[in-house]
Amino acid sequence: MWSFQSSDLLGPGDARGVTQRLEQFVDDLLGSSFGHGVRHAGFDVILQQYAIHLLQRTLYSRDLFHHVGAVALFLDPADDCIEVAASRLQPIQRGPLVFRFHAVSIAHPTRGGVGPRPFLRERVTLRPMDIHEDIVAAIGNTPLVRLGRIHPSGNLVAKLEYLNPGGSTKDRIALGMIERAERNGWLQPGGTIIEPTSGNTGVGLAMVAALRGYKLVAVMADKQSEEKRALLRAYGAEVVVCPTDVEPEDPRSYYSVADRLTRETPGAYRPDQYSNPANPEAHYRQTGPELWEQTEGELDVVVIGLGTGGSVSGIGRYLKERKPGVWIVGVDPQGSIYTAETEDDVTTYLTEGVGEDFWPETYDIDVVDQFEMVTDAEAFATTRRLSEVEGIFAGGSGGMAVAGALRVANERPDDLVVVVLPDSGRNYVSKIFNDDWMRDNGFL
Ligand SMILES: Cc1ncc(COP(=O)(O)O)c(C=O)c1O
């Protein structure tokens with residue numbers, strides 16, 4: 001479901017401003033070649049034309065227009081809303097989609113003919129029929145859930161990114177990066193995508209690649225769980241495993257191997273989530289606005305684990321534009337570069353998907369107001385508590401983020417704190433949720 005504020009759809013201003021714009025629109029319409037028919041068709045048709053115009057403008061401003069083709073409108077006065085049938089032209093020609101368009105709730109003119117009077121509603125929703133055209137259309141709009149048991153004072157809520165169809169928040173950037181490459185001609189039909197990935201980005205890429213007919217080669221460090229590798233293979237990807245304990249510049253590192261394979265493979269495209277602007281952009285365009293809508297702009301603090309920095313940079317930038325006082329907390333595993341005070345503090349750690357040993361271009365450090373460092377032990381204990389107490393089966397980076405978020409939520413009891421849970425515990429059944437592994441690593 002796409003959700004819009006009334007001001008997105010109708011433009012800023014009160015109901016009077018909207019009425020004036022409608023009158024201007026009607027004048028323009030009547031002056032056009034269309035005008036004659038419209039005049040005779042009467043109020044409903046004018047209103048329909050106006051609603052179509054608003055809908056197109058709104059979809060266009062959100063870059064959704066290319067997904068939606070012709071629109072037709074049906075007035076439903078009884079329900080006080082308008083139904084819009086919109087045929088979907090691209091990327092797949094199937095349709096129609098039906099939107100319930102509460103944009104212009106209509107007060108019918110007194111039948112004597114005072115003229116149309118649209119009025120503003122607090123919230124505007126475009127609700128497509130509940131069928132996704134394909135799996136990538138199911139990416140996003142993940143739920144927010146209050147962590148009321150682990151944090152009874154109630155000001156901590158979690159965004160369950162693991163409920164994305166590929167199982168993590170990385171679905172969003174995978175789609176964004178592939179679509180950017182398609183737009184720029186960097187990826188041709190049947191082409192090969194090569195990416196060094198800790199797994200989740202690989203799954204997102206594999207899912208989109210399977211759907212769109214690309215081949216995926218995922219290059220992974222050997223510290224990643226076997227489940228993650230098997231999962232990638234299940235989508236038809238090829239997995240190349242590299243040693244973890246080597247410098248990024250070492251020819252054996254997974255970064256170097258991915259570079260080499262990209263050079264050697266004809267027609268290969270390397271999205272590079274560490275430098276691709278489509279990574280933070282996906283969160284700027286989707287995750288940030290979702291958080292804003294879901295909390296009705298009432299959120300005060302957002303707590304996010306730092307990996308490529310795409311999530312924190314995109315979400316943080318969007319929310320600060322909407323509300324400059326929003327406080328962004330970046331959570332980092334102990335041993336990672338972001339919170340290390342000296343080079344000696346940069347060490348290996350076991351929390352997967354977060355922390356780095358270099359500074360990625362996708363990470364905009366200015367967005368982060370506060371850092372929290374969390375040990376593997378605290379991250380994993382919190383990950384287990386989440387499933388045992390809240391029934392939320394998240395991965396270790398989610399547990400790490402919640403450990404940081406609990407500190408912040410306790411420090412700021414009057415603030416609404418949102419924490420992002422990037423992936424699912426299913427990736428770590430043989431590790432964090434396995435007592436032997438936990439004991440062997442000194443966590444139990
Ligand atoms: C499990 C997991 N958690 C968190 C992150 C961090 O997100 P980001 O790369 O947007 O900083 C990633 C991605 O690297 C991840 O795979």
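This is a predicted model: local features need pLDDT of at least 70, side-chain atom pairs count only at pLDDT 80 or more; totals for chains, interfaces and linings use all residues.
**The chain overall**

- The protein chain has 444 residues, and 44% of them count as buried.
- Its secondary structure comes to 13 helices and 17 strands; these are DSSP runs numbered from the N terminus, with helices (H or I) needing at least four residues and strands (E) at least two.
- Take the contacts between residues at least 6 apart in sequence: 65% of them join residues at least 24 apart. Two residues are in contact if their C-beta atoms, placed from the backbone, lie within 7 Å.

**Around the ligand**

- There are 18 residues around the ligand, and Gly307, Thr308, Ser311, Gly353 and Ser397 come nearest. To be near, a residue needs its C-beta atom, placed from the backbone, within 6 Å of the molecule or strand.
- By type, the shell divides into 4 nonpolar, 11 polar and 3 charged residues. Here Ala, Val, Leu, Ile, Met, Phe, Trp, Tyr, Cys and Pro count as nonpolar, Asp, Glu, Lys and Arg as charged, and the others, Gly among them, as polar.
- Helix 10 (residues 310-322) gives the largest share of the shell, 3 residues.
- Domain 2 (137-167 + 277-440) and domain 3 (170-269) each supply at least three residues to the shell; the bounds come from an automatic or database domain assignment.

**Helix 10, seen from two residues**

- Ile315 sits in helix 10. Leaving aside neighbours within four places in sequence, Ile315 is in contact with His283, Thr287, Gly288, Leu291, Val302 and Ile304.
- Ile315 and Val367 are 52 residues apart along the chain, yet their C-alpha atoms are separated by 9.2 Å.
- Leu319 is found in helix 10 too, and Leu319 counts as buried because it has 26 C-beta neighbours inside 10 Å.
- With neighbours within four places left out, the contacts of Leu319 are Gly288, Leu291, Trp292, Val302 and Val326. Pro289 is 30 residues from Leu319 in sequence and 7.6 Å away, C-alpha to C-alpha.
- As background, an α-helix has 3.6 residues a turn, so residues three or four places apart point the same way.

- Helix 12 (residues 396-411) has 16 residues and reaches 23 Å from its first C-alpha to its last, close to the 22 Å expected at 1.5 Å a residue. That expected span is 1.5 Å times one less than the number of residues.
- Helix 12 is largely enclosed by the rest of the structure, because 13 of its 16 residues are buried.
- The largest nonpolar core has 49 residues, and Val302, Val303, Ala401, Ala405, Val417 and Val419 have the most contacts inside it. The largest share of this core, 8 residues, comes from helix 12. A second, separate core of 34 residues includes Leu216, Val217, Met220 and Val257.
- A nonpolar core means a set of buried Ala, Val, Leu, Ile, Met, Phe, Trp, Tyr and Cys residues joined through C-beta atoms within 7 Å.
- Val303 touches Val329, Val331, Ala401, Gly404, Ala405, Val408, Val417, Val418 and Val419, not counting residues up to four places away in sequence.
- Leu406 belongs to helix 12 and is buried, with 21 other C-beta atoms within 10 Å.

**Ile173 in helix 5**

- Ile173 is found in helix 5 (residues 170-184) and counts as buried, with 31 C-beta neighbours inside 10 Å.
- Beyond neighbours within four places in sequence, Ile173 is in contact with Thr201, Gly204, Gln273, Ala278, Asn279, Ala282 and Gly310.

**Two positive phi values**

- Most residues other than glycine have a negative phi.
- Asp272 is not a glycine but has a positive phi of about 55°. Asp272 lies in the loop between strand 13 (268-269) and helix 9 (278-294), and is buried, with 20 other C-beta atoms within 10 Å.
- Glu296 has a positive phi near 50°. Glu296 is in the loop between helix 9 and strand 14 (301-305), and is exposed, with 10 other C-beta atoms within 10 Å.

How values were computed
Residues are numbered from 1 along each chain as its sequence is written. A residue is buried if 20 or more other C-beta atoms lie within 10 Å of its own, exposed if 12 or fewer, and partly exposed in between; C-beta atoms are placed from the backbone.
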